[in-house]
Amino acid sequence: MRDWFPENVSTFGGDVDGIFWFIFYIVTVWFFLTEGLIVYFMVRYRRKAGQKATYALGNTWTQLAWVLVPLAIVVVLDLFIDIRGADVWAKVKGQRPPADVTVRGVGKQFNWEFIYPGPDGKLGNEDDLSSDNELHVPVGKVVHVILTSKDVIHSFFLPHFRLKQDAVPGRQIPVWFEATKIGAYEIPCAELCGFGHSGMNGKLFVHSPADFEKWLQEKGAAK
Amino acid sequence: MTVEAQNRDGREQGHHELSFVRRYIFSTDHKVIAKQYLTLALFWALIGAATAYLIRWQIGHPDTEALGWGFIEPQVYNALVTMHGTIMVFFVAMPLLLSALGNFLIPLMIGAKDMAFPKLNALSLWIFFLASVVLFTSFFVPGGAAAAGWTGYPPLSAKNEYTGGGYGMDLWLLSLALEFASFLLGGINFLTTTMNMRAPGLTWFRLPIMVWMQLTAALIFMLSVGPTIAGAILLLMDRNLGTTFYLPDGGGDPLLWQHLFWFFGHPEVYVLLLPGVGVMLEVITVFARKPVFAYRPIIYATIVAGFLSFIVWAHHQYISGMDPRLAMPFSITTIIISVPFALVIFSIIATLWGSSMSFPTPMMFALGTLGVFIFGGLTGIFNGSAPVDIYIHDTYFVVAHFHYTLFSNVFFGGFAGIYFWFPKMFGRMMNESLGKIHFWLTFAFFNAVFIPMHLVGLRGMMRRISNPLQYEFLKPIEPLNMFITLMAILLILSQAVFVINFFWSMVRGAVAANNPWHANTLEWTTSSPPPHDNFATIPVVHRWPYDYSLPDSSSDWTPQDQSDEALRAATR
């Protein structure tokens with residue numbers, strides 16, 4: 001089933017998937033235990049002539065232990081899941097590693113606009129370069145995308161990178177990722193954003209650093 | 001009021017005959033009101049199913065003509081998605097589980113003649129009816145029904161230029177505000193009635209768990225809905241009066257709505273769940289002939305879960321742009337809420353241990369609720385974990401998850417309740433063979449729809465997109481989507497078995513005895529259906545509701561109104 005997920009091409013995607021599988025194994029065991037018991041009891045304790053049910057109230061500690069001991073295990077596993085999850089959350093959404101490339105990502109009905117700093121290396125001035133619905137990044141470099149929106153809430157979703165972040169008008173929300181594989185990927189919008197929501201789908205190109213520089217220069221020359 | 005005074009009033013009221021209109025339409029009898037809610041809920045369930053059919057058609061066969069409808073425009077698709085959620089949560093689940101079952105059962109289970117405020121009860125029904133009319137009308141206004149999702153996130157919901165819709169959105173807000181008002185009035189009635197009108201001897205810890213669940217649900221609803229009503233009014237003002245509470249151009253913040261909405265929205269999930277859990281426990285104890293295991297811990301756990309439900313709301317917003325440092329506290333509370341629910345589930349399983357089970361239709365649906373709900377609870381752990389949510393948020397994994405939790409309690413639980421209390425409601429039994437067929441078809445097709453839907457979600461397919469073929473990475477799963485669509489259509493069609501059984505049994509079903517299931521609770525001590533004032537004499541309660549298979553008794557059930565002396569006399 002691991003192949004079922006879209007191929008992971010980010011440095012932290014494996015950690016996100018790792019938590020998924022960690023939880024998957026825990027709940028699979030619980031699933032078969034609980035459902036198995038129910039089915040077993042349905043067969044074992046079906047009504048038979050002359051056989052009365054046990055009058056058990058669960059009002060003594062000895063009886064309640066049958067519920068409380070599994071419950072204690074649930075609490076311990078919950079804590080495990082949270083502690084392991086906290087690390088991954090911090091890695092993806094907490095402190096970001098320093099950026100090699102910073103891009104502004106603007107959601108609008110119904111595509112993405114990506115703005116790169118021009119020759120001066122700074123965002124937010126005249127020489128900025130704009131790329132319509134295409135995000136180009138170098139492989140093996142830390143990319144920051146500062147997300148915002150012009151109209152409604154969109155959601156910047158990189159399924160192959162296990163990354164998702166809403167782009168909210170009036171807010172600048174930074175996310176980061178580092179691609180591990182050259183290729184072309186998709187940037188669907190994951191939040192209902194109007195009649196064009198379905199099909200709001202940007203393209204993400206991961207280049208070698210040299211190709212990326214080339215693309216950036218061509219972009220600058222075209223302007 | 002003393003018992004004698006209540007009985008005297010009952011006799012007096014029994015004398016004058018009410019006109020048809022007062023009796024069946026503008027009635028103040030809680031049983032009639034409950035049936036009216038049931039009728040409305042079943043009507044809306046049909047509309048909800050129709051929207052589900054069109055949504056599934058579009059996903060399974062994008063941009064082809066849906067059978068019996070035609071092409072589904074993207075704008076219409078968004079309206080369908082919005083209305084499906086709104087209808088199923090607010091116009092099916094709540095009226096069915098709370099208003100219909102709660103209204104019918106609370107007075108009967110506590111040995112009261114009616115609700116504390118019968119006229120208020122009628123008022124809440126008619127406000128709900130008005131809300132229904134408004135919502136139904138919104139389908140036909142220019143621009144169509146609301147299309148901003150059932151969560152109505154602004155700015156999309158705040159300006160018509162963003163949705164392309166018209167005042168369908170205003171009607172949507174208005175109908176929800178009316179609906180909330182109706183359920184507030186209903187909740188006041190539930191609480192007041194149970195606090196003040198319990199039969200003599202019926203202490204709090206002799207109440208059936210169903211009543212506890214209804215009360216907790218009503219209380220959670222009343223405490224949480226306020227901020228959302230305020231939020232809805234702010235949104236109406238943004239739309240019509242030029243305010244900018246949610247619009248950043250004027251200094252507002254879209255996230256404000258999300259907090260106001262989910263502060264109510266998550267407790268609301270438990271409002272829908274708890275009555276289903278109540279049905280499950282009542283039905284399972286009766287057909288297992290065994291007392292509920294850990295009665296008090298279950299009640300305490302329910303109250304704890306109710307409390308926790310107020311501090312988990314932001315798990316809907318991990319990736320919304322709120323401060324990422326808030327995610328872990330909410331992740332912890334969310335995953336901790338699995339503990340009280342695990343206690344309830346373990347206790348139900350422990351109730352099955354050492355029991356003596358028979359499997360008529362209500363029991364099948366109750367066990368179905370249990371089995372399906374466990375699955376939904378377990379997949380909730382994935383969503384509750386903030387890092388996993390980064391990937392699965394707003395995908396079909398979430399859709400599949402909440403259908404497992406809500407469909408289980410609303411439909412499996414609702415059906416268990418209807419099959420179980422139908423004899424008390426209508427004085428006739430439902431057909432057992434049709435019931436079994438209905439159960440197996442529903443169970444099989446439900447799982448055939450929603451297990452694959454988890455896989456679709458894990459592939460990354462987003463909610464609320466109308467055409468997955470527009471995405472390269474989703475193309476491989478189109479066969480799976482077609483399969484889900486086929487199964488969903490079969491799931492909807494198999495509900496015809498229920499509809500036929502329901503109406504046929506109402507007229508032709510075998511006449512029901514007062515207590516066909518040999519159950520202990522008070523509603524079974526009166527006639528089927530009960531008279532206008534429920535009880536010829538108000539019962540006196542001597543025990544809790546779950547004295548099944550008492551060791552010294554020759555019978556395997558002991559009604560709540562049977563005294564110890566009577567029990568000893570019967571055993572001797």
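How many residues does the contact take from chain B and from chain A? I looked that up, and found 80 residues from chain B and 73 residues from chain A.

Next I checked which parts of chain B are involved. Several helices each supply at least two residues to the side that touches chain A, among them H4 (74-109), H9 (254-288) and H16 (432-458) of chain B. H12(B) gives the most, with ten residues. My helices are DSSP runs of H or I with at least four residues (strands are E, at least two), numbered from the N terminus. I sorted that side of chain B into 50 nonpolar, 22 polar and eight charged residues. Nonpolar covers Ala, Val, Leu, Ile, Met, Phe, Trp, Tyr, Cys and Pro; charged covers Asp, Glu, Lys and Arg; the others, Gly among them, are polar.

A note on the source: this is a predicted model, where local features need pLDDT of at least 70 and side-chain atom pairs count only at pLDDT 80 or more, while totals for chains, interfaces and linings use all residues. Residues are numbered from 1 along each chain as its sequence is written, and chains are lettered from A and ligands numbered from 1 in the order in which they are written.

Then I looked at chain B as a whole. I got 18 helices and zero strands. Its C-alpha trace spans about 75 × 50 × 50 Å along the principal axes.

Last, I picked A:Leu77, which sits in helix H2 (residues 61-93) of chain A. The C-alpha atoms of A:Leu77 and A:Ile26 are 8.0 Å apart, though 51 residues separate them along the chain.

How values were computed:
Two residues are in contact if their C-beta atoms, placed from the backbone, lie within 7 Å.
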